[in-house]
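Subject: Structure handover

Hello,

Here is the structure for your files. My notes on what was found in it follow below.

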Amino acid sequence: MASGAHHGSKEAPGRLRSIFSGSVGNLIEWYDWYVYAAFSLYFASAFFPKGDPTAQLLNTAAVFAVGFLMRPVGGWLMGLYADRAGRKTALTASVLLMCLGSLIVGLTPGYDRIGVAAPVLLVIARLLQGLSVGGEYGASATYLSEVASAERRGFWSSFQYVTLIMGQLLALGVLIVLQQVLTEEQLHAWGWRVPFLIGAACAVAALWLRRTMHETAAFEQEREHQPSLRRLLAHPREVLTVVGLTMGGTVAFYTFTTYAQKFMVNTAGWSKEDATLVSALVLAGFMVLQPLVGALSDRIGRRPLLLAFGLVGAVITVPLMRALAVAHDFWTGFALLMAALVVVSGYTAINAVVKAELFPAGIRALGVGLPYAVTVSVFGGSAEYIALWFKTEGWEDGYFWYVAGCIAVSFVVYLLMPDTRKTSRIA
């Protein structure tokens with residue numbers, strides 16, 4: 001107990017510095033990832049043949065989904081690497097891959113100049129970024145959970161989603177600025193390249209920050225263990241729990257964040273500028289909620305918050321999306337999206353720490369990263385494509401029911417799982 005107390009009280013500035021370095025790197029990685037979604041309305045016509053705008057968005061959504069296909073590979077390879085070489089080393093490698101992907105997108109000529117090579121290079125870039133993000137999540141969730149003190153683990157680990165949302169918000173912020181200083185024609189012609197080049201430059205800064213991070217004590221104590229897929233599969237209940245608790249959360253998150261912006265333009269008839277602005281305001285509020293909900297989980301437990309998200313989310317999704325489809329007032333749209341994301345916070349703020357608390361240190365990054373990445377690839381990566389498919393088939397309500405159904409499945413998992421705050425395997 002004495003050693004635990006000593007560890008909990010050891011240099012607070014050092015712990016904060018490590019959390020800051022890990023979080024800032026995470027922010028830049030997710031900025032690079034979300035710039036694609038934020039600017040797809042502008043670059044869809046650059047990478048694909050001219051035609052129907054919905055068809056072009058379907059193509060960019062398909063490439064967005066392809067990026068998700070690499071996330072399980074990233075979760076597997078980077079998870080093994082993080083459990084074998086260290087959390088810090090894996091996090092440094094992931095930011096290098098993200099930087100390369102952003103450079104490719106930002107510098108690739110359009111379809112009108114190099115033909116089919118343009119979408120091919122776009123796919124390659126997203127595969128690299130998918131590999132990076134797939135590894136980033138498990139290593140980052142593990143690092144933040146291990147470096148935090150036990151009594152505030154929910155609070156500090158919530159900063160993974162704070163920086164994830166901040167990255168998305170920064171992407172939208174860049175879009176808003178460019179919408180103000182460039183014309184529509186300039187944005188479609190070349191302006192969309194600017195945020196990708198910004199992201200590549202920022203990744204260099206993230207690389208420097210991550211080189212100054214300290215390795216976690218939990219990893220140092222487990223150096224003699226060799227992680228493997230076989231060792232992970234020896235924990236089938238924990239693996240299936242990660243899959244089940246992620247399913248509804250990831251579909252809800254991508255629906256009310258990345259897809260909502262396009263939904264308001266393509267279905268509700270909003271201007272691109274208004275849809276971007278309301279998305280940015282909602283994300284700002286959503287970001288502030290994360291540490292509050294994380295801190296609440298340190299007091300009342302993780303499971304009650306997951307149950308609240310599962311039950312309320314399954315009930316309100318269909319009527320809320322129907323209302324958003326016909327909402328033309330700015331503040332009505334804001335209120336509907338904000339209400340949805342208040343509910344989703346019951347998942348996003350604590351999902352990282354819940355997964356980290358399920359696994360022993362020797363396979364923690366792999367256990368957090370791989371099943372999560374598989375689930376996000378299948379359900380999160382396909383969400384936007386499925387939504388647009390339902391729209392083209394003339395039954396947009398079908399997607400609303402699909403989201404509600406996914407959340408309901410996760411609710412059942414929350415009912416059956418323990419409260420990881422009480423059963424945590426993080427020493």
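**Cysteines**

The sulfur of Cys 202 lies 9.8 Å from the closest cysteine sulfur, that of Cys 99, which is too far for a bond. A disulfide here is a pair of cysteine sulfur atoms within 2.5 Å, and a search of the whole structure finds 0 of them. Cys 99 is accordingly in no disulfide. Cys 99 is buried, at 13% relative accessible area, whereas Cys 202 is partly exposed at 28%. Buried means under 20% relative accessible area, exposed over 50%, and partly exposed in between, with a 1.4 Å probe and protein chains only.

**Basis of the numbers**

This is a predicted model, in which local features need pLDDT of at least 70 and side-chain atom pairs count only at pLDDT 80 or more, while totals for chains, interfaces and linings use all residues. Residues are numbered from 1 along each chain as its sequence is written, and side-chain values use heavy atoms, with hydrogens and water left out.

**Aromatic residues**

The structure holds 23 aromatic pairs. Rings of Phe, Tyr and Trp (its six-membered ring) pair if their centres lie within 6.5 Å; planes under 30 degrees apart count as stacked, over 60 as edge-to-face and the rest as tilted.

Phe 309 and Tyr 347 make a tilted pair, because their ring centres are 6.0 Å apart and their planes are at 35 degrees. This pair links distant parts of the chain, with Phe 309 in helix H16 (residues 303-325) and Tyr 347 in helix H17 (residues 330-348), 38 residues apart. Helices (H or I, at least four residues) are DSSP runs, numbered from the N terminus. Both partners are covered: Phe 309 is buried at 1% relative accessible area, and Tyr 347 is buried at 0%.

Phe 390 and Trp 395 form an edge-to-face pair, 5.6 Å centre to centre with 70 degrees between the planes. Phe 390 counts as buried, at 12% relative accessibility.

There is also one aromatic cluster formed by Tyr 259, Phe 263, Tyr 399, Phe 400 and Tyr 402. Tyr 259 sits in helix H14 (residues 236-266) and is buried, with a relative accessible area of 3%.

Helix H7 (residues 117-147) has 31 residues and reaches 44 Å from its first C-alpha to its last, close to the 45 Å expected at 1.5 Å a residue. The expected span is 1.5 Å times one less than the number of residues. H7 is mostly covered, with 25 of its 31 residues buried.

Gly 75 is in helix H4 (residues 71-85) and is buried at 1% relative accessible area.

**Second largest pocket**

The second largest pocket has a volume of about 230 Å³. Of its 13 lining residues, the closest to the centre are Ser 45, Ala 46, Gly 110, Tyr 111 and Asp 112. On a 1 Å grid over the protein atoms alone, a pocket is an open set of points where a 1.4 Å probe fits, with protein on both sides within 12 Å along at least five of seven lines; lining residues have an atom within 4 Å of a point. The volume is the space filled by probe spheres set on the points.

Helices H2 (12-47), H6 (111-114) and H10 (184-191) each supply at least two lining residues, and H6 gives the most, with 3. The lining divides into 6 nonpolar, 3 polar and 4 charged residues. Ala, Val, Leu, Ile, Met, Phe, Trp, Tyr, Cys and Pro count as nonpolar, Asp, Glu, Lys and Arg as charged, and the others, Gly among them, as polar.

Regards
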